[in-house]
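Subject: Structure for your review

Dear colleague,

Please find below the structure I wish to hand over to you. My findings follow directly after it.

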Amino acid sequence: MTRNADTVQERLLAEILARNAEVEYVKRFELGGATDRETFKSKLPVIAYEDLQPEIQRIANGDRSPILSAHPISEFLTSSGTSAGERKLMPTIKEELDRRQLLYSLLMPVMNLYVPGLDKGKGLYFLFIKSETKTPGGLLARPVLTSYYKSEHFKTRPYDPYNVYTSPNEAILCADSFQSMYTQMLCGLLERKQVLRLGAVFASGLLRAIRFLQLNGRQLADDIRTGTLNPKITDPSLVDCISKILKPDIELSEFISGECSNENWEGIITRIWPNTKYLDVIVTGAMAQYIPTLDYYSGGLPLACTMYASSECYFGLNLNPMCKPSEVSYTIMPNMAYFEFLPHEPNSAALSRDSPPQLVDLSDVEVGKEYELVITTYAGLYRYRVGDILRVTGFHNSAPQFHFVRRKNVLLSIDSDKTDEAELQKAVENASQLLSKFNTSVVEYTSYADTATIPGHYVIYWELLVKDSENSPNDDVLSQCCLAMEESLNSVYRQCRVECNSIGPLEIRVVKSGTFEELMDYAISRGASINQYKVPRCVNFTPIMELLDSRVVSAHFSPALPPWTPEKRR
């Protein structure tokens with residue numbers, strides 16, 4: 001497949017266009033039945049979600065005519081609630097499950113090339129569903145992973161010795177996130193010596209599980225000691241399932257109790273699950289900031305990023321899953337969708353219908369260059385801008401490999417400055433280096449453009465992991481962290497600070513331990529998916545601001561101006 005990527009892509013596009021030749025959206029652009037690339041590119045515009053919203057709303061409201069796809073839209077897949085601030089509805093059709101399953105089926109054969117013996121044990125994966133909603137027209141709307149876990153593909157999957165989970169389906173499919181997490185953790189503890197890998201979707205999800213163990217370890221140990229299940233677990237199918245496997249085990253109970261009561265949690269993962277070979281979590285993009293904390297809890301276990309996917313489409317695999325997180329590249333699978341790439345020029349003019357962009361095909365991208373991903377799918381997305389920025393790192397046969405750079409969104413802006421997620425992440429990383437001599441790290445962060453002050457200023461909320469309370473960073477150190485962040489930001493920001501005085505000193509507000517867990521709980525209570533939840537790197541929703549500010553334990557400001565001279569302007 002990767003040897004003839006361009007041929008596969010050409011054939012796939014022709015198949016999509018032939019199948020959907022009579023749908024309303026395609027007919028609008030008068031292709032006249034053509035299925036070739038040239039006609040497709042000359043007739044169909046490159047679009048964003050807002051361009052499709054009227055059609056999507058009609059389908060959501062019950063219009064069953066072939067608007068976007070000749071195959072019936074089977075459900076909507078909801079995008080992450082924290083992506084660009086709104087939940088998007090992505091149309092999908094039943095056969096897309098087969099395509100997703102194909103990609104899943106490739107994960108373990110790839111991993112087996114690097115990690116032997118995975119058929120001799122189990123995986124402890126913290127997987128969750130969200131209760132779904134229905135559109136006015138009766139279609140399900142739910143996260144892509146909820147759709148997959150509830151599908152027969154997952155529920156009745158054939159036995160595979162390389163892909164056995166400690167978590168029973170009943171625990172994964174329980175809609176109550178506490179009961180689901182509790183029983184998944186309990187099963188993982190019961191089979192702790194069989195566990196060869198730990199995982200969650202995002203790195204933050206695995207850290208949330210460790211935090212859950214800290215809070216509930218004593219109760220879990222009691223359940224294991226007595227062989228009876230916590231009365232808070234009330235889901236009938238879950239109670240029935242767990243009661244069959246939970247037996248009194250005093251030795252295990254004492255071990256768990258001892259580990260969880262130990263103040264030092266460094267290496268806790270390998271202490272409790274001693275045969276763990278790697279952690280299977282996404283640590284690319286904004287998730288990279290969790291790497292130090294994962295290393296702390298795991299004793300530096302390898303971090304495997306296996307797959308690149310979204311609600312819109314499943315894209316590809318990491319063919320070298322045991323590489324360093326900073327070196328992760330995903331090979332795009334050319335049979336998943338038709339892929340085009342918009343060269344990413346940060347300072348270029350905005351696209352318009354009058355100045356159509358020159359998109360590049362999958363096989364024609366250039367190593368070292370950055371592109372925005374554009375997809376055409378069987379389910380009815382045509383030349384759709386996903387919003388991900390990717391950098392080409394090489395090729396596997398004729399299929400390109402990409403490093404995920406960032407989401408294409410500006411996070412912070414006070415004046416003419418524009419700070420994106422990657423810049424903010426780098427600034428946090430640089431500033432947090434000042435904390436290392438105090439054995440302290442940044443566990444979580446988010447930001448806010450505070451325009452209530454004159455001039456406005458950036459506010460960064462930090463949750464810290466202080467490993468030695470007698471040697472914690474003082475106000476002077478944290479103030480220097482503020483300055484270090486400013487020094488890391490772009491020249492436009494620094495010009496606004498130094499020459500224009502249009503931005504005030506950057507502020508770091510340190511919040512209590514557990515604050516970002518409360519933030520996630522709040523988001524989930526408002527409908528966010530526990531699987532897809534990502535801490536928003538910028539916040540402006542009043543209840544969230546109030547929650548964060550009510551947990552602030554100290555505030556620190558940059559004590560000086562960052563360096564800037566006119567010669568450094570770009």
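In this predicted model, strand β6 spans residues 195-202, and eight of its eight residues are buried, so the strand is largely enclosed by the rest of the structure. Two strands pair with β6. Strand β3, residues 122-125, runs parallel to β6 and is joined to it by four bridges; within this pairing, Leu124 stands opposite Leu198. Strand β7, residues 278-282, also pairs with β6 in the parallel sense, over four bridges, and here Arg197 of β6 faces Tyr278.

Tyr125 belongs to strand β3. Its relative accessible area is 7%, so Tyr125 counts as buried. Leaving aside neighbours within four places in sequence, the contacts of Tyr125 include Arg197, Gly199 and Ala200, as well as Tyr278 and Asp280. Tyr165, Ser167 and Gln184 are also among its contacts. The C-alpha atom of Tyr125 is separated by 10 Å from that of Pro168, which is 43 residues away along the chain.

Tyr125 also takes part in an aromatic cluster, in which ring pairs link it with Tyr104, Tyr148, Tyr149, Phe154, Tyr165 and Tyr314. Over the whole structure, a search finds 21 aromatic pairs. One of them is formed by Tyr104 and Tyr148: the ring centres are 4.3 Å apart and the planes meet at 25 degrees, so the pair is stacked. This pair links distant parts of the chain, since Tyr104 lies in helix α5 (residues 96-112) and Tyr148 in helix α6 (residues 144-149), 44 residues apart. Both Tyr104 and Tyr148 are buried.

Two arginine residues sit over aromatic rings. The charged end of Arg157 is placed over the ring of Phe154, 4.1 Å from its centre, and Phe154 is itself a member of the cluster described above. Arg192 lies over the face of Phe255, at 3.9 Å from the ring centre.

A further buried strand is β19, which covers residues 440-450. Eleven of its eleven residues are buried, so β19 is largely enclosed by the rest of the structure. It pairs with strand β20 (residues 457-466) in the antiparallel sense, over ten bridges, and Asp450 stands opposite His457 of β20.

Thr293, in helix α14 (residues 291-298), touches Val442 and Val443, as well as Leu207, when residues up to four places away in sequence are not counted. With a relative accessibility of 2%, Thr293 counts as buried.

Helix α11, residues 236-243, has Leu238, Cys241 and Ile242 as its buried residues. Seen down the helix axis, these buried residues fall within an arc of 90 degrees, so they line one face of α11. An α-helix has 3.6 residues a turn, so residues three or four places apart point the same way. What covers the buried residues of α11 includes helices α8 (169-172) and α9 (177-190).

Finally, a word on confidence. The protein has an average pLDDT of 90, and 94% of the residues score at least 70. Over residues 81-86, however, the pLDDT is below 50; this stretch has 13 contacts in the model beyond near neighbours in sequence.

Yours sincerely

How values were computed:
Residues numbered from 1 in each chain as written. Predicted model: local features only at pLDDT ≥ 70, side-chain atom pairs only at ≥ 80, totals over all residues. Heavy atoms only, no water. Buried < 20%, exposed > 50% of the residue type's maximum accessible area, 1.4 Å probe, protein only. Pairing = 2+ DSSP bridges. Arc of directions from axis to C-beta. Contact = heavy atoms within 4.5 Å. Phe/Tyr/Trp six-rings, centres within 6.5 Å; stacked < 30°, edge-to-face > 60°. Lys NZ or Arg CZ within 6 Å of the ring centre and 35° of its normal. pLDDT = per-residue confidence, 0-100.
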